[in-house]
Amino acid sequence: MIIVMKRDATEELVQRAAAKVEKMGLKAHVIVGTERTVIAAIGDKREEMRESLETVPGVSKVVPILAPYKVASLEVKPEPTLVKAGSLEVGSGKCGVIAGPCSVESEEQIVQTAQAVKAAGATALRGGAFKPRTSPYSFQGLKEEGLKMLATARDETGLAVVTEVVASEDVELVAKYADVLQIGARNMQNYRLLEAVGRVDRAVLLKRGPSATIDELLLAAEYILNEGNTRVMLCERGIRTFESHTRFTLPLATVSYLHQKTHLPVVIDPSHGTGHAALVPDMCVAAVAIGADGIIVEVHPEPDQAMSDGYQSLDLPTFAATMQRCRAVANAIGVQCGAEI
């Protein structure tokens, strides 16, 4: 249920209503909007509970949430959410740009890349310290040493760090170094991991699984939101289809559809979505044009020497040129793409 508070309801009345929800055995999520505050009451929604809540001082009305995903739904929060994490802002008219290598290989590599992508207008640095790979014999990342290198790059440039966490037992370690915890496509339905990142004070980038439906993606986000973490970004990184000309099929219609279903910002990953560096610039521009709240792009100083995903990584000059095109489109549709340079 959604408890809609009156416009003039004080903070005390809001907290009193939330306490009433908890006392009834439901979970209360207080969501402050631009015009009014609502409380999402998650749990049993028996009619007598609804009637009881309607009599609480400061309450305007109580309405059921129809969507299976409750806190993520536009029914709860009709205005878009702006997620902030250090230098990164995603959503509500801000198109964040996350760029960097697939994996951290050395301090020199990650610092050089961070400096270059910042100069081109990126607002956050990506880089994998823990790398879940299809083959156990592939490069698995530098782990904590890689995290330390990412932190050094942040110190050098001021860019927020976005990196993947692959296991619930690693959440606290990764959160010690990162500004945004990325949940990779393979872990979208790792519910214990989702709950773990929901309990830490870090923004989360949740990637869609290659065979997951949109509802499954939103319900995965609900696990994080239900633990109290409201800084969640959804990421479309392509799905598996019968096509083989690209690594995955990148459905940009996901952006428009999700904007009609959820207040959470939507980020596009053209690198994994196509798997070919030559296709990435056009898909970045298209993502901005369709209204994506952010893009995450793999960039490497020497893609042909990369230890992972070099074939889909942009080199530094190509990324800078892509950013110029993205900014031109963003200006045309009235949004800010990346940092002002």
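Predicted model: local features only at pLDDT ≥ 70, side-chain atom pairs only at ≥ 80, totals over all residues.

## Overall chain

Residues are numbered from 1 along each chain as its sequence is written, and side-chain values use heavy atoms, with hydrogens and water left out.

The chain has 11 helices and 15 strands; these are DSSP runs numbered from the N terminus, helices being H or I with at least four residues and strands E with at least two. Among contacts (heavy atoms within 4.5 Å) with a separation of 6 or more, 68% come from residues 24 or more positions apart. Along the principal axes, the C-alpha atoms fill a box of roughly 65 × 45 × 45 Å.

Four strands form an open sheet in the order 2-3-1-4, with antiparallel pairing; two strands pair if DSSP finds at least two bridges between them. Strand 2 and strand 4 (59-63) stand at the edges with a single partner strand each, so one side of each is left without a neighbour in the sheet.

Strand 2 (residues 27-32) and strand 3 (residues 37-42) pair over six bridges in the antiparallel sense. A hairpin of four residues joins strand 2 to strand 3. Two of the bridges are listed below.

| Residue | Bridge partner in strand 3 |
|---|---|
| Lys27 | Ile42 |
| Ile31 | Val38 |

Helix 1 (residues 11-23) lies across strand 1 (2-5), strand 2, strand 3 and strand 4. Its direction is at about 155° to strand 2, where axes are lines fitted to C-alpha atoms, for helices over the stretch in contact, and angles run from 0 to 180 degrees between N-to-C directions.

## The surroundings of His272

His272 is found in helix 9 (residues 270-274). With a relative accessible area of 11%, His272 is buried. Leaving aside neighbours within four places in sequence, the contacts of His272 include Arg126, Lys207, Phe248, Glu298 and Asp309.

Asp309 is 37 residues from His272 along the chain, and their C-alpha atoms are separated by 8.8 Å. The side chains of His272 and Asp309 are joined by a polar contact of 3.4 Å. A polar contact is a pair of N or O atoms within 3.5 Å; within protein, one must be able to donate a hydrogen and the other to accept it, and residues adjacent in sequence count only if both atoms are side-chain atoms.

Definitions and conventions: Buried < 20%, exposed > 50% of the residue type's maximum accessible area, 1.4 Å probe, protein only.
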